[in-house]
Amino acid sequence: MRHTATFLVLAFTASLGTLVVAQAQPSRPSALRIPFESYTLPNGLRVVLAPDNAAPTVAVTVWYHVGSKNEAAGKTGFAHLFEHVMFTGSGHVPYGVHDRLTEGVGGSNNGTTSRDRTEYFETVPSNYLETALWLESDRMGFLLDTLDTQKLNAQRDIVKNERRQRMDNQPYGLVDEIVSNTLYPASHPYSWDVIGSMADLTAASETDVKDFFRLYYAPGNAIVSIAGDFQPPQAKALVARYFGGLSSGAAIVRPAAPPVTLDHETRLVYEDRVQVPRLIIVWPTVGRQGDDRFALQVLGAISAGARTTRLTKALVYDRQLATTITARQDSDESAGEWRLTVTPRPGVSLTALESAADAILDTLEAEGPTAEEIQRATAGLELTFVNGLESNLGRSIRLADGLGYDNDAGSFQTEYQKMMAVTPADVKRVASKYLTKGRLVLSVVPIGKVEMAAKPSASTPYRRTTP
């Protein structure tokens with residue numbers, strides 16, 4: 001593996017089975033360093049450059065600080081809709097040309113939307129950097145030149161079909177939406193799903209959609225992050241050429257999306273077209289701005305996943321009560337959730353599984369984890385973290401995230417250090433603080449089998465409204 005250009009060296013200590021990250025040059029063993037520079041154009045566009053000549057490719061990420069959080073009740077799904085519309089051509093780029101000039105030359109392109117941001121990205125041969133920047137600038141500056149009702153309706157139908165495939169007609173596909181609807185008040189911008197509702201997508205007018213684009217998809221709300229094989233002076237000239245003339249856009253008022261707490265346990269049962277029931281328990285926690293998220297990540301890695309983790313070892317292997325168990329901390333920009341998902345073995349009730357899982361978590365909360373558990377958990381998290389920085393695309397996205405969320409493209413270094421510094425006492429503290437009785441317990445059961453829910457007599461049926 002060649003990582004000297006990004007100063008990432010992976011060394012495994014065979015006797016301990018742990019991962020150590022160090023710089024290629026003598027330095028502190030825990031340091032991660034990616035050479036980069038950042039600056040801002042007069043129109044407000046922020047730029048990050050991270051040159052690395054290890055391979056003749058370059059990744060371009062355009063990061064917009066807009067997601068479903070920026071929508072309003074009754075007008076949801078706009079950010080995700082644009083994830084599709086952005087690939088249908090713009091003022092000087094006919095439909096299909098974007099793919100031909102990226103995938104057609106051996107590269108790739110895609111986009112993703114979350115509650116808080118939307119990003120579009122390409123990985124192309126180094127000599128196509130200018131092409132990638134031209135394509136992205138044309139989408140930013142001239143997308144609306146070719147967006148008409150016919151094109152909008154076509155993409156609206158595609159998004160509706162995506163919702164049908166991924167949510168409405170997918171086993172357990174509505175879990176995330178149910179959790180969001182229940183955990184957050186109706187006025188909270190995290191209370192609706194990123195993909196939006198069918199009703200809102202149908203009702204959206206061309207004017208509504210275009211106004212949303214004009215406000216959020218402008219240089220003043222965007223970041224261009226470039227990582228890979230390029231020369232910074234050339235990249236700066238190209239960025240100025242293709243983005244410098246675009247209008248900065250209007251000032252944006254960010255919606256409030258504070259973390260939530262539950263003062264009691266909420267129990268729901270949802271009848272789905274499934275054959276096997278599933279138990280989902282969710283506790284509200286903290287978002288990216290809260291340092292407790294690092295200890296909560298480690299708590300998830302200690303609780304479930306590998307064969308030696310607390311819940312997986314006890315319930316999947318030793319007692320054979322469950323087939324799968326996952327536990328994770330999800331940190332959005334403004335709020336977070338710690339989620340436990342358990343699928344039982346045939347003949348095992350969700351009530352029994354809930355009781356068994358609670359007992360294990362109660363013990364972990366009371367006693368805290370061992371130093372060995374912390375070591376194993378952080379080693380796995382460390383490997384995932386470093387792997388995410390190995391590719392040009394991974395680096396360009398990570399740097400854009402840091403600049404967008406933390407106003408510091410290098411915040412990955414702080415994140416890494418805080419994650420690796422988590423102690424048994426930290427995990428014990430956050431388990432006690434967040435894994436309380438204020439939680440959502442959701443049972444997904446086969447249609448007509450509400451008795452299969454965890455504590456069915458105490459569970460309220462979830463009545464789905466028209467999506």
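Helices, taken as DSSP runs of H or I with at least four residues, and strands, taken as runs of E with at least two, are numbered here from the N terminus. In these terms asparagine 407 of the predicted model is found in the loop between α13 (392–406) and α14 (411–420). The phi angle of asparagine 407 is near 60 degrees, a positive value in a residue other than glycine. Most residues other than glycine have a negative phi. Because its relative accessibility is 58%, and exposed residues are those over 50%, asparagine 407 counts as exposed.

A positive phi is also found at tyrosine 172, where the angle is about 65 degrees although the residue is not a glycine. Tyrosine 172 lies in the loop between α4 and α5, and at 16% relative accessibility this tyrosine counts as buried.

As to the chain as a whole, its secondary structure comes to 15 helices and 14 strands. The C-alpha trace spans about 65 × 60 × 35 Å along its principal axes. For 467 residues a compact globule would have a radius of gyration near 23 Å, and the 24 Å of the protein chain therefore agrees with that expectation. Buried residues make up 55% of the 467 residues, while the accessible surface comes to about 19700 Å², of which 52% belongs to carbon and sulfur atoms. Among the contacts with a separation of 6 or more, 78% are accounted for by residues 24 or more positions apart.

On the side of α1 the contact is made by Phe78, Ala79, Leu81 and Phe82, and on the side of α7 by Asp208, Val209, Phe212 and Phe213. These residues divide into 7 nonpolar, no polar and 1 charged.

Leaving aside neighbours within four places in sequence, arginine 273 is in contact with Asp168, Asn169 and Ile447. The C-alpha atoms of arginine 273 and valine 445 are separated by 8.1 Å, although the two residues are 172 residues apart along the chain.

Aspartate 332, in turn, has its place in the loop between β11 (322–331) and β12. At 18% relative accessibility, aspartate 332 counts as buried, because the cut-off for a buried residue is under 20%. When residues up to four places away in sequence are not counted, aspartate 332 touches Arg115, Asp116, Tyr190, Gly287 and Arg288.

Notes. Residues are numbered from 1 along each chain as its sequence is written. This is a predicted model: local features need pLDDT of at least 70, side-chain atom pairs count only at pLDDT 80 or more; totals for chains, interfaces and linings use all residues. Side-chain values use heavy atoms; hydrogens and water are left out. Contact means heavy atoms within 4.5 Å. Ala, Val, Leu, Ile, Met, Phe, Trp, Tyr, Cys and Pro count as nonpolar, Asp, Glu, Lys and Arg as charged, and the others, Gly among them, as polar. The radius of gyration is taken over C-alpha atoms; the globule rule is 2.2 Å times the number of residues to the power 0.38. Buried means under 20% relative accessible area, exposed over 50%, partly exposed in between (1.4 Å probe, protein chains only). Accessible areas come from the Shrake-Rupley method with a 1.4 Å probe; for residues, only the protein chains shown count as cover.
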